[in-house]
Amino acid sequence: MSGESAGKPYAPPWQVAGMDRADFAARIDHTVLGAETTLADAERVIAEAAEYGTNACVPPCYVAEVAEQAPAVTLMTVVGFPHGQHAPEVKREEAVAAWDDGADELDVVLNVGRLKAGDSEAVVDELAELVAAVPVPVKVIVEAPLLTDEEMRRAGEAAVEADADYLKTGTGFAGPATVSDVRRLGEYLPVKASGGIGTYEAASAMLEAGAVRIGASAGVELVEGFEG
């Protein structure tokens, strides 16, 4: 996807009102990433994703153990989570290890401190090296609740320059996703909205704003609440 959509809103190739339940479920990244997450929790999320038709996002330490549990489920994990301040080479190696373990997609936390300090070159270099190191889609988590409009712009531009595939609003730990964040980030790349999305109505609002994915620990509830 890279930078071809930069500078103009990403136009989703669907109408939310016309989605069926399967289409909606395929947009949900059913997630378990808390500090107390166990292997049993990760296995449960994979099983639920297979049952409900969602994707799944689990901690990197469990990827190899669950990768074959439900091969049809798109499996993703996080890199540099949750603060993004790992050394660049550590994040890169973590990304490669996650891919080797069986992850289909990676959600990588941008170094917000570097971004806020104005060191966009370091942000781009880190992301570009990581993206180049793996053959799977990379989403850049920007922690939008912590950013000004100008910082959000620079985060979007950095992700485009690094040839990332998506932007993601946040980890969920810094605050909830908002419709305005989705619209701003959608000027650069397709967006995954994540943080505080616990109802079908909230998820639908993000999709209507242009999000292509929804990250939520309430993935089952979102699909069960589908009202298409």
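Me: In which helix is Glu150 found?
Reply: Helices (H or I, at least four residues) and strands (E, at least two) are DSSP runs, numbered from the N terminus. Glu150 belongs to helix α7, which covers residues 149–161. Please note that this is a predicted model, in which local features need pLDDT of at least 70 and side-chain atom pairs count only at pLDDT 80 or more, whereas totals for chains, interfaces and linings use all residues. Residues are numbered from 1 along each chain as its sequence is written, and side-chain values use heavy atoms, with hydrogens and water left out.

Me: Is Glu150 buried, partly exposed or exposed?
Reply: Buried means under 20% relative accessible area, exposed means over 50%, and partly exposed lies in between (1.4 Å probe, protein chains only). Glu150 has a relative accessible area of 39% and is therefore partly exposed.

Me: With which side chain does the side chain of Glu150 make a polar contact?
Reply: A polar contact is a pair of N or O atoms within 3.5 Å; within protein, one must be able to donate a hydrogen and the other to accept it, and residues adjacent in sequence count only if both atoms are side-chain atoms. For Glu150, the partner is the side chain of Arg153, at 2.2 Å.

Me: Where is Thr148 found, and how is its accessibility classed?
Reply: Thr148 sits in the loop between β5 (138–141) and α7. Its relative accessibility is 41%, so Thr148 counts as partly exposed. Between Thr148 and Lys116 there are 32 residues in sequence and 9.1 Å in space, C-alpha to C-alpha.

Me: Where does Asn55 lie, and which polar contact joins its side chain to that of another residue?
Reply: Asn55 lies in strand β2 (residues 55–57), and because its relative accessibility is 8%, Asn55 counts as buried. Its side chain is joined to that of Asp29 by a polar contact of 2.8 Å. Contact in general means heavy atoms within 4.5 Å; beyond its neighbours within four places in sequence, Asn55 is in contact with residues including His30, Val73 and Arg213.

Me: Is His30 buried or exposed?
Reply: His30, in strand β1 (residues 28–31), has 2% relative accessibility and therefore counts as buried. The side chain of His30 makes a polar contact of 2.7 Å with the side chain of Glu48.

Me: How are two packed helices described?
Reply: They are described by the angle between their axes and the distance between the axes. Axes are lines fitted to C-alpha atoms, for helices over the stretch in contact, and angles run from 0 to 180 degrees between N-to-C directions. Helix α4 (residues 88–101) packs against helix α6 (residues 120–133) at about 20°, with the axes 9 Å apart. Angles under 35 degrees count as roughly parallel, over 145 as roughly antiparallel, 65 to 115 as roughly perpendicular and the rest as oblique. Helices α4 and α6 are therefore roughly parallel to each other.

Me: Which residues of α4 and α6 make the contact?
Reply: Pro88, Lys91, Arg92, Ala95 and Val96 contribute from α4, and Glu126, Glu129, Leu130 and Ala133 from α6.
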